[in-house]
Amino acid sequence: MDRRDGISAQARAQGIIPDLSGKRSSNVKVSVAGLSKSYMKGSRGERFEALRNVNLDVYSGEFLSIIGPSGSGKTTLLKCIDGIANYQAGTVTVTRDPSATSLRDRAFVFQDFGLLPWRTILANVALPLELLGMHRKEREERAMSYLRLVGLEKTAKDHPHELSGGMRQRVGLARALAVDPDVLLMDEPLGALDEQTREVMQAEILRICGTGRTVIFVTHSVDEAIFVSDRVVVMSNSPGHIKAIFTVDIPKPRTQLATRAHPRFSELREAIWAELGVTTTLNPHA
Ligand SMILES: Nc1ncnc2c1ncn2[C@@H]1O[C@H](COP(=O)(O)OP(=O)(O)OP(=O)(O)O)[C@@H](O)[C@H]1O
Ligand SMILES: [Mg+2]
């Protein structure tokens with residue numbers, strides 16, 4: 001293991017991971033250095049090490065996915081980047097562009113959407129703007145424009161229970177986008193969707209978020225990670241750490257069919273599965 005950037009020698013030997021150290025350093029948006037985080041567990045207050053020495057630079061405008069087994073610290077890492085979780089060692093730096101127009105530099109899209117059931121869809125999207133002190137008319141107009149962006153303007157007066165899972169997820173996305181964050185943190189945002197809706201949403205997320213915004217996206221799907229990402233980070237557990245980083249050298253804009261048909265898709269798929277400890281090639285002689 002290369003201690004400097006946490007990339008395994010095996011992955012580097014496969015030629016799949018370019019050595020990014022030193023390159024594009026002026027363009028780093030989020031820098032995680034030497035991050036270690038423990039939780040207190042049990043009645044005796046034992047420490048549980050969730051992340052150990054995580055080093056990761058995320059570049060401005062990059063779409064980066066994080067994949068790894070359950071418990072490998074993906075959510076914990078996102079929370080540390082968002083600033084809603086503390087940590088015992090290391091640093092997390094988010095560089096703010098002085099010309100940025102964003103109302104908040106970071107926004108989080110939760111796996112369970114986190115919508116308030118008693119609020120209308122419009123009022124849910126407007127909530128972060130309300131918390132920022134924006135006047136009612138302005139925040140409702142702004143919330144409406146983001147609902148329009150995700151194709152849900154007709155649901156503005158509905159309540160969350162009246163929408164499908166996919167629609168609720170898009171509301172969660174609109175709410176995060178409404179503050180125009182420089183960095184969008186998404187924790188398994190498509191996990192609850194059926195496969196068809198999920199593929200439509202993957203393309204939607206690329207269309208909506210893939211325009212200069214920096215996105216850190218947690219998923220359990222290797223195919224999804226490859227389709228949406230510029231790079232894929234593979235995490236491993238006990239304690240959580242970065243095992244490998246893959247660059248997805250498939251041109252953008254992407255469509256599902258063309259991406260899956262691209263020769264690099266299956267190579268990357270196999271390499272990522274191998275890092276996850278699963279071999280996908282069937283042995284015809286077995
Ligand atoms: N608030 C907490 N208190 C104690 N332990 C926690 C807490 N949150 C997470 N953990 C532990 O830290 C480890 C990493 O959790 P985390 O939620 O970051 O994993 P994950 O990679 O997101 O998993 P999943 O894929 O299941 O969502 C797990 O072992 C979990 O039990
Ligand atoms: Mg998680």
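1. Asn-53 is found in strand E2, which covers residues 46–59. The model is a predicted one, and in it Asn-53 has a positive phi of about 45 degrees, although this residue is not a glycine. For comparison, most residues other than glycine have a negative phi, and most peptide bonds are trans. Asn-53 counts as partly exposed because it has 15 C-beta neighbours inside 10 Å; a residue needs 20 or more to be called buried, and 12 or fewer to be called exposed.

2. Glu-188 should be read alongside that residue. Its phi is near 45 degrees, a positive value in a residue other than glycine. Glu-188 is placed in the loop between strand E6 (183–187) and helix H6 (195–209). Is Glu-188 buried or exposed? Glu-188 counts as buried, because 20 C-beta neighbours lie inside 10 Å.

3. The strand that holds Asn-53, E2, belongs to an open sheet of three strands in the order E2-E1-E4, with antiparallel pairing. Which strands stand at the edges of this sheet? They are E2 and strand E4 (89–94); each has a single partner strand, so one side of each is left without a neighbour in the sheet. From one strand to the next, the twist averages 25 degrees.

4. Strands of a sheet pair through backbone hydrogen bonds, either parallel or antiparallel. Strand E1 (residues 28–41) and E2 run antiparallel and are joined by 10 bridges. As one example, Met-40 has Arg-47 in E2 as its bridge partner.

5. A helix also packs on this sheet: H2, residues 74–82. Helix H2 touches E1, E2 and E4. The direction of H2 makes about 120 degrees with that of E1.

6. Where does Pro-239 lie? Pro-239 is in the loop between strand E8 (231–236) and strand E9 (241–247).

7. Pro-253 lies in the loop between E9 and helix H8 (256–261).

Note on methods:
Residues are numbered from 1 along each chain as its sequence is written. Chains are lettered from A and ligands numbered from 1 in the order in which they are written. This is a predicted model: local features need pLDDT of at least 70, side-chain atom pairs count only at pLDDT 80 or more; totals for chains, interfaces and linings use all residues. Helices (H or I, at least four residues) and strands (E, at least two) are DSSP runs, numbered from the N terminus. Two strands pair if DSSP finds at least two bridges between them. Axes are lines fitted to C-alpha atoms, for helices over the stretch in contact, and angles run from 0 to 180 degrees between N-to-C directions. Two residues are in contact if their C-beta atoms, placed from the backbone, lie within 7 Å.
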